[in-house]
Amino acid sequence: MNFPLFFKRILAALACVGILTFATARVLAAEHAEAPKAVAGQAAHAETPDAHGHDAHGHGGPDSSDIVQQFGYSYLTAFMFVLSLIVASMFFILIHHLFDAAWSVPVMRIAEHMANLIFPWGFAALLPIIGLALAGKLHPWMPLTDWSLTPTAAADPSLAVKSVMFNKLSFTVLLLGIFGFWAWMARSFRGYSLAQDKDGAAIWTRKARFLAGWGIFAFSVTVTVAVFLLMKSLQHQFFSTMYGVYYFAGSMWTTLATYYGITRWLQRKELRPVILPNHIHDLGKWFFAFTVFYAYIHFSQYFLIWNAAVPEETFWYVLREKGTWEHMGFLILFGHFFLPFLLLLRIDTKMSLNVMGPMIFWAWLMHYVDMTYNVMPVLYPKGLNITLWDPLCFGALVAVFGWAWLKDFRAFPAWPQKHPRLKEALVHHEIPKAGQAAAHH
Amino acid sequence: MSAKPLGLLAQFETAADIMNAALAVRDAGFKKWDVFTPFPIHGMDDAMALPNSKVGYFTFAGGLTGFFTGMSMIWFMNKFDYPLVVGGKPLFTPLFAFPVSYELTILLSAFGTLFGLALLNRLPKLHNPLFASERFKRATNDKFFVFVETADPKFSETETRALLEKLGASAIEEIQDTKD
């Protein structure tokens, strides 16, 4: 590895985040000065929702008038969005190797580079989250814990029993460890793939398959733990074993829409020789499948909690059925599921750019709404509250990650040059349409 | 027993041959013809220029029926006909009616698919004139067949036979209508 370049990248990433933070803080400070009443009004309803009806958070409860917290929550929402693309790309690679798939070979580099955004960019983007969390600006339980694993949160029994995981030490070490593991795995997969470009040896495919074999288990565990720490533990009292799958399902959905858009775009450029209509159709089918899978998972979570009606679980949704959050919930129900489901039932709509083009943007919007729905009610329990931080954080992260992806994509061959299944992928059951057979033979 | 010619049955030896034959017959403009293979061949739909199957509409109609049957059944039973409080929940909400509606959606979608398929294929059909051919029995084993009907406006005894021969048919047989 080229170390000077690697440090330059990290410095560049940190500088980007720093400059943006500073610029946004200035903008918002000005806004703050102009409208002090509105901000003060938010502070009045800033108590934390609590499952047990008493203030278990002590001094650590979110205060929505705190500008750093406003930034922190917006940044976390945007971060969870871009992390979706990275995590789901990892899954795309894993499943490609596990199933010895042929159809996905031409789009593999899209996934490989996207998964590799985890390092250094994902790491750089994670650091502010760890910093904000340790400073007590994100997770309400953080100020109640210290750097030891022993239960110190006697004030909150529900936190004390989980203190092995919910303390400053575990939070930091687990997240850095998980991100490190993902970075290593993504780097390995791309490394194998690029090595095969040169010699075409079967050993690289075998290595990738071996890694995918145990990697899929490590992946599912790490995704769950990471999402529990980053997002679910904003309300640490909540129980949901399917929360990790829920995040993963929405992530795959958005990522497949993104791949669809990128593939349609690169079909006219770098990927022109290898993308056939059936590849587009396959991506559309996967997107459709995850429309259903996400709905299935989210409905199951809601349904089980609703039916069981246990206060430790229901408070999470009770909070999200107050104020405008209820409308956001319905937006997710209809916009995240019914609209794309009914629209994409037909084969031809999955192939039509007129339908899928707007659908890609819609999927991004819906996934962002979903992330907002998970993160923001903790800080704004009365309802949706959009600050300037939201577009700024989202725009900055997407711009940096998009640029980094494009740079990586342009730096390497656009598809695996000597993948053993490439030939098969280039035929992909494609039959000349009527009248073209003569030209074909 | 009338012996009306129904069409020409051409036998091919490999999947590649039948694919080429299907493409050529399609491009020659035939409409009333079919292909028989021992196993599904990817891309044969396109090679035969078959439009999208209409079975999907039956599936969708079945699914919708199932979903609304489930919803209205539970509404009728729990709220209308015999109001029943379970676990302090409302008498009716789509939430707890959903699993049943969902199962019925799947069940009636499957029925819609099955019966739609049978209807569109005019099944069950106990007899087919092709069964009279000894050679055709190997369509379920190791041979590939194209059958072009005389009812096709493009059909001509000599030209169609010549076309099939040119495509490499290993045998061509005239099929008679064996009904009554």
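Two residues are in contact when heavy atoms of theirs lie within 4.5 Å. The model is predicted. Over all chains it holds 58 aromatic pairs.

**Helices α3(A) and α9(A)**

- Two packed helices are described by the angle between their axes and the distance between the axes.
- The axes of α3(A) and α9(A) come within 8 Å and cross at roughly 85°.
- Angles of 65 to 115 degrees count as roughly perpendicular, so α3(A) and α9(A) are roughly perpendicular to each other.
- On the α3(A) side, the residues in contact include A:Met80, A:Leu83, A:Ala88, A:Phe91 and A:Phe92.
- On the α9(A) side, A:Tyr247, A:Phe248, A:Met252, A:Leu256 and A:Tyr259 are among them.
- The residues of this contact divide into 12 nonpolar, 6 polar and no charged.

- A pair of aromatic rings is described by the distance of the centres and the angle of the planes.
- For A:Tyr75 and A:Phe79 the centres are 6.5 Å apart and the planes are at 20°, a stacked pair.
- Both residues belong to helix α3 (residues 67-98) of chain A, where they are 4 residues apart, about one turn of the helix.
- Buried means under 20% relative accessible area; A:Tyr75, with 4%, is therefore buried.
- A:Phe79 has a relative accessibility of 1%, so A:Phe79 is buried as well.

**A pair between the two helices**

- A:Phe91 and A:Phe248 form an edge-to-face pair, with 4.6 Å from centre to centre and 75° between the planes.
- This pair links distant parts of the chain, since A:Phe91 is in helix α3 of chain A and A:Phe248 is in helix α9 (residues 243-266) of chain A, 157 residues apart.
- A:Phe91 counts as buried because its relative accessibility is 13%.
- A:Phe248 counts as buried because its relative accessibility is 11%.

**An aromatic cluster**

- A:Phe91 and A:Phe248 also belong to one aromatic cluster.

**Lysines over rings**

- A:Lys350 lies over the face of A:Phe288, at 5.0 Å from the ring centre.
- B:Lys89, a residue of chain B, lies over the face of A:Trp306 in chain A, and the distance to the ring centre is 5.1 Å.

How values were computed: Residues are numbered from 1 along each chain as its sequence is written. Chains are lettered from A and ligands numbered from 1 in the order in which they are written. This is a predicted model: local features need pLDDT of at least 70, side-chain atom pairs count only at pLDDT 80 or more; totals for chains, interfaces and linings use all residues. Side-chain values use heavy atoms; hydrogens and water are left out. Rings of Phe, Tyr and Trp (its six-membered ring) pair if their centres lie within 6.5 Å; planes under 30 degrees apart count as stacked, over 60 as edge-to-face and the rest as tilted. Buried means under 20% relative accessible area, exposed over 50%, partly exposed in between (1.4 Å probe, protein chains only). A charge sits over a ring if NZ of Lys or CZ of Arg is within 6 Å of the ring centre and within 35 degrees of the ring normal. Axes are lines fitted to C-alpha atoms, for helices over the stretch in contact, and angles run from 0 to 180 degrees between N-to-C directions. Angles under 35 degrees count as roughly parallel, over 145 as roughly antiparallel, 65 to 115 as roughly perpendicular and the rest as oblique. Ala, Val, Leu, Ile, Met, Phe, Trp, Tyr, Cys and Pro count as nonpolar, Asp, Glu, Lys and Arg as charged, and the others, Gly among them, as polar.
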